[in-house]
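Keep the structure open as you read.

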Amino acid sequence: MKFLRWLIGFIILTGLIIGIFLFLKVNIATRLMLYLLICFLFSMFRIFKGPTPADRSVATDMVGILVIGFCGIMAVYTGKDWYVDIAIAWALQSFIGVLALAKFLEGKNFDE
Amino acid sequence: MNDALALFFIIVGISFDLFGCIGLIRMPDIYNRLQASTKCVTLGTCGILLGVFVKFGFTAAGVKALLCIIFLLLTSPVAAHALARGTHRSGVRLWDKSVCDKYADDRKK
C-alpha cells in the first residue's frame, strides 16, 4: 500500500515535469514560471496540511524565497529593473517575519 | 553568449528550487524538511539572481541583484537556525527513527 502511494506520486510528478518540458508549446519564460508554480503548489500543500505550526512557518519561509526567484525571472524576461527592487524588499520583510515567527514559536515575548 | 549563460544559471536555480520543494513534501519530520528547504535558498534562488546579474552586467539592476545575493547568504541561515531552535523549544518531537538529539542532551545539563 505504501509502495502504491509512492508510485502514484512519482508518476504524477514526473508527468508534470516532463509534460511541461515536451508537450507545451509556449515560450521559455512561461515554461520556467510554470515550474515555479509547481513549487508554489507544493508549499501551499504543506501550509494547508502541516501537522504542527512549525511546518507552516517553514513553508511560509519557502514561499517568500520563491517569490524572490519569481521576481528575478520577471526582471530578466521583461527587461524592467524595478523587479529586483521588489526582490530586495521582499527578502528583507521575509527575514524579519521568519524571526518573529521563531520568537512566537519559542513562547517568549518579543522584547526578550 | 551572455543570454545562454544566464539561462543556464536560471535553469540550475529552478531545478534546485523544485528539488527543495519535493523535499518539503516528502520528508517525514520538521527538522528534515527544514534541512531540505534551506538548500534551495543558497543554490536555488541565489542561482536565479546570479543569472540576473549575468544578464544585466554591471548596471544598476545587476549590482542590485548581487547585493540581494549577499543579503540572502547572510540572513537565510540565521532565519533557519532561529526557526529550528524555536521549534525544538516549543516541544515538537523528532521523528521516531531519528538516532540522536544532541540539543536536548545539552539542555538537560
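How many residues does α4(A) have, and how far does α4(A) reach from its first C-alpha to its last? α4(A) has 25 residues and reaches 37 Å, close to the 36 Å expected at 1.5 Å a residue. That expected span is 1.5 Å times one less than the number of residues in the helix. Helices here are DSSP runs of H or I with at least four residues, and strands are runs of E with at least two, numbered from the N terminus.

A word on the source. This is a predicted model, in which local features need pLDDT of at least 70, side-chain atom pairs count only at pLDDT 80 or more, and totals for chains, interfaces and linings use all residues. Residues are numbered from 1 along each chain as its sequence is written, while chains are lettered from A and ligands numbered from 1 in the order in which they are written. The model scores ipTM 0.86 and pTM 0.86. Chain B averages a pLDDT of 86, and 100% of its residues score at least 70; pLDDT is the predictor's confidence in each residue, from 0 to 100.

Back to α4(A). Its buried residues include Tyr83(A), Val84(A), Ala87(A), Phe95(A) and Leu105(A). A residue is buried if 20 or more other C-beta atoms lie within 10 Å of its own, exposed if 12 or fewer, and partly exposed in between, with C-beta atoms placed from the backbone. The buried residues of α4(A) pack against α3 of chain A together with α2 and α3 of chain B. After α4(A) comes Gly107(A), with a positive phi near 85 degrees.

Next, α3(A). Its 26 residues should span 38 Å at 1.5 Å a residue, and its end C-alpha atoms are 37 Å apart, which agrees. Gly72(A) counts as buried because it has 28 C-beta neighbours inside 10 Å. Leaving aside neighbours within four places in sequence, Gly72(A) is in contact with Ala87(A), Ile48(B), Leu49(B), Val52(B) and Ala65(B). Contact means C-beta atoms, placed from the backbone, within 7 Å.

Now α2(A). Its 22 residues reach 32 Å. Leu32(A), Leu36(A), Cys39(A), Phe42(A), Ser43(A) and Arg46(A) are its buried residues. They cover an arc of only 100 degrees around the axis, which puts them on the same side of α2(A); the arc is that of the directions from the helix axis to the C-beta atoms. On the other side, exposed residues include Thr30(A), Leu41(A) and Lys49(A). The buried residues pack against α3 of chain A together with α1 of chain B.

What do the two chains build together? The largest nonpolar core has 51 residues. Such a core is a set of buried Ala, Val, Leu, Ile, Met, Phe, Trp, Tyr and Cys residues joined through C-beta atoms within 7 Å. α2, α3 and α4 of chain A, with α1, α2 and α3 of chain B, each supply at least two of its residues. α2(B) gives the most, with 13 residues. Ala65(B), among the residues with the most contacts inside this core, touches Gly72(A) and Val84(A), among others.

The contact between the chains takes 41 residues from chain B and 39 residues from chain A. α3(B) gives the most to the chain B side, with 16 residues.

Key
Contact = placed C-beta atoms within 7 Å.
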